[in-house]
Structure formats: structure tokens, C-alpha cells
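I opened this file to look up charged side-chain contacts. My entries are below.

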Amino acid sequence: MNSFMVSFDNIRSSADAEVDVGIRIYALAARLYPICRSITGDGVRKTLHILGQQIDLTQHEVPTGTQVLDWTVPQEWNIRDAYIKDPSGRKVVDFRDHNLHVLGYSQAVHRKMPLSELRSHIHTLPAQPDLIPYRTSYYSDQWGFCMAHNRFLELEDGEYEVMIDAEKSDGHLTYGEYFHKGSSDRDVLLSAHICHPSLANDNCSGLALLACLARALRSRQTRYNYRFLFAPGTIGALTWLARNEDAVARIEHGLIVSCVGDGGGPNYKRSRRGNAAIDQAMHYVLNAGGRKGTIQDFSPYGYDERQYCSPGFNLPVGLFQRNAFGTFPEYHTSADNLDFIAPEHLASSYRMIMEAIDILELNWTPINLFPKGEPQLGRRGLYSALGGDKAAGETAMAYLWVLNLADGNHSLLDIAERSGMSFRDIVRAAQLLLANGLLAEAPAEKSAGSLAK
Ligand code: ZN
């Protein structure tokens, strides 16, 4: 038996444990939710500090002005306080009530102005008048506030005091990494963006889920290395890619995780390659057990798959979500709060990602060592080897499918899909055939993870 012939029974948790994991992910997301994050600054550091209580994170600090591919690490932004006071001195917008009230990366301001001038600095959602929108302005110098449209309509003419106590200054871009060592020299990348303020699904859910998953992997022997990345969207992924071109060549599979706490979907967006092993594994998981997941083709818009799947890298990295970003009304508003995510949805998202990891770990390509005619299974005691948990006919079918398709061109996942049998049953049958000398393992392909020439 080779080193990754692990049993499913050892790596699957019980239904109870899965409910527990949902509660743990939710509790962690709830701790992250209040923090005001952006693409740089102390909010990212506070978030990494909390995640670091779960796993042994490495925190990286990259100075302002560092060239990263075609981009430059920006100045660091930190905010202490912000408000708008009406003519009577009453705070009508207060950063301390909700950090979405301030346009992300706002310049500092403290002055009085008439409502007519203030209006152009206020962002609202007329179609969702009770919600505060999430807006940023990373790469242009401006200041602004966000508020519920109905509250905005209540503002009366007069002189308003606006105050944003924030600064942009030379500092650092911060990101966190966790590395789980496997037995091979090949990597799986799991990544979540850490740059959004108080938005629970996008992406406290993804950060918390990946931290709990990384923690669970600590007690598991894997053949792949697992590289967890908690970095600000776009500029963080670009920074990581620029500093890790040697590690990039080892990435064989990758998944971006965001919006995993709501009850929608599940959705998977394929890698740019479209036929990577992670694309096949996620397709299988999203259709297993009666799930009716949606698979979308790659497009160059979305989260950090935009960077990982740029042509100079072309990594096999897909995007996993429940509701797809931009399609649910709570997206990028104050309604994306802790009531919008739930432990049971976090648990089922966790289970789906873990199932994909199981497939990556357990999938291999067999070669039939007795390909001329069927080998005699009864003589080798194989019909009884699986015990009484499966109908004998079904067990035999799994053997026959594996033996027939074990021509070196079909992985176990290919065989599961072609046969319509479960991956789990095919893996068990293949393990027994291997142990009885009827199969060998085809050499691993070396196609994945290389830099485009
Ligand atoms: Zn977002």
C-alpha cells in the first residue's frame, strides 16, 4: 500500500462533530466581524492575531512602495474615529456604530460645510433604503461616508460638522500564511481575502472556515502540503505571487473561499484551465449526495482567481461560494451581518471543502496488471474482503469498473464518474485490488502548477 492509501473512516467526522465545527466557525467569524479591516492597517493585524490563536500563522509585513508585479504596495491606512454632526450637534452618522459608515481609505477631514456640499460625499442605496453600503476608494484621494438612504433623506439643511480621524502613511501591507506539511513536494493553495470590514459572509465566513480547516488538518497526515493564505484582495494576492514565484510552481490545486456562511448555492467557478483536477473534484462534490450545485466557467472577474489564473501563472485555482458574490441582496451592505450567516451553512460548506480535499488526497490512477481477460477475483478472496456492508453485486461492480478502466488513463475519480458509483466505493475497491497485486499506480502527471512559458 502506498502512503496515501488512508481510510475514509479515519478522516470523516461524525454528523455531530460537523455541527460542532459549524458552531466553532461561526464563533470565530463573530469575533472577526466587528473589526474595521481594509487592504492594509491594524484591522488586518488584529484579524490575523485572532486567527493566530487557532493556528500557527506567519505574519508578513511588506513595506509601502514595494513593487509587486505591475503594482505598488500602497500607503497604510488606519482610522480611529469618524462622524457627521447635524446643525444641532447631534451625531447622525457615527463610525463607532458601524464601520461601514466610512468610505474605505478615506482621507482625513475635519470641517464644517452646508448639507448641499456634504451630499456629494455621502453614498447610499436608494433601492435598499435601510441598508448601509460598503464602498472603498483605495487608489484615489477622497473622503466620504456611507449611510442608509432613509436616514439621509431625513437630513435638514444647515451647517454640518464632518470629521474623519484617519491617516494614510508609509507603513506595510500585512498578510498571513499557514503551512501544513504533507509527504510530497506538491501544494494545495487555500485562500481567503482579509480586506473587508464588518461584512460577515464576505468574508469573515471564509477566513474563519479556513482557519478551522487548517486546525483540523494538523492531526491529519496528508500527501499534499496545504498552504493557507489570508491576504487582502487583489493587492495581497499580487504581493504573495510576486514574492513566491518558486512556490507557485509547486501548486497543484487551489481554491478561493468566500461567502460560505449563507444557505444558497453551492457555487463553484472553474479555474481558467477549465479541466484541472480541482475543477473535476468540485464538480463531483457539488453534485454528490443530492446536492444541486452550480458550476460556472472561468471569467476574469471576481476574487483573487483573477490573479492566480492570469496567463503568466495560469494556476489550477477555482472559487467556492454558497451564493455567488453580487447576486444576493445583502452583498456589500450592512445586511451582510451575523444574522445572515449560520452554523449549519458554515458546517456544510466546510464539509464540501473537506470532501474535495479527501478526493485530492485519495485520487490516483491505477494500471491493471492482468488486463487480458478478467482476473479471477474469487480465488483471491476479494468478494468477501469488503465485509457485509455492501450488496455483493455492488461490490463486484466496483471491482469490475476499476479493473476495466485501469488503463493508466483514468483516475479513480474518472472511474467513479464514468461508472456512476460513489468515489468512496471506487477508492475502497481499488485499495483492495492494489493490496492483492492486481493494480499498480501510474506515475503522477507533472503537468500542474508550472509557470506559463
Ligand atoms: Zn466583497
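The notes start with conventions and then go through the salt bridges.

Entry 1, conventions. I am working on a predicted model, where local features need pLDDT of at least 70, side-chain atom pairs count only at pLDDT 80 or more, and totals for chains, interfaces and linings use all residues. Residues are numbered from 1 along each chain as its sequence is written, and side-chain values use heavy atoms, with hydrogens and water left out.

I found 19 salt bridges in the structure (a side-chain nitrogen of Lys or Arg within 4 Å of a carboxyl oxygen of Asp or Glu).

Asp42 and Arg45 have their closest N and O atoms 2.7 Å apart. Both sit in helix α3 (residues 42–51), three residues apart, so about one helical turn separates them. Helices are DSSP runs of H or I with at least four residues, strands are runs of E with at least two, and both are numbered from the N terminus. Arg45 is buried at 18% relative accessible area, whereas Asp42 is partly exposed at 38% (buried is under 20%, exposed over 50%, partly exposed in between; 1.4 Å probe, protein chains only).

The N to O distance from Arg45 to Glu61 is 2.9 Å. Glu61 belongs to strand β1 (residues 58–63) and Arg45 to helix α3, so this bridge ties together parts 16 residues apart in sequence. I noted Glu61 as partly exposed, at 30%.

Arg291 is in the loop between α9 (277–287) and β15 (294–296) and Glu355 in helix α11 (residues 343–362), so the pair ties together parts 64 residues apart in sequence. Glu355 is buried, at 15%.
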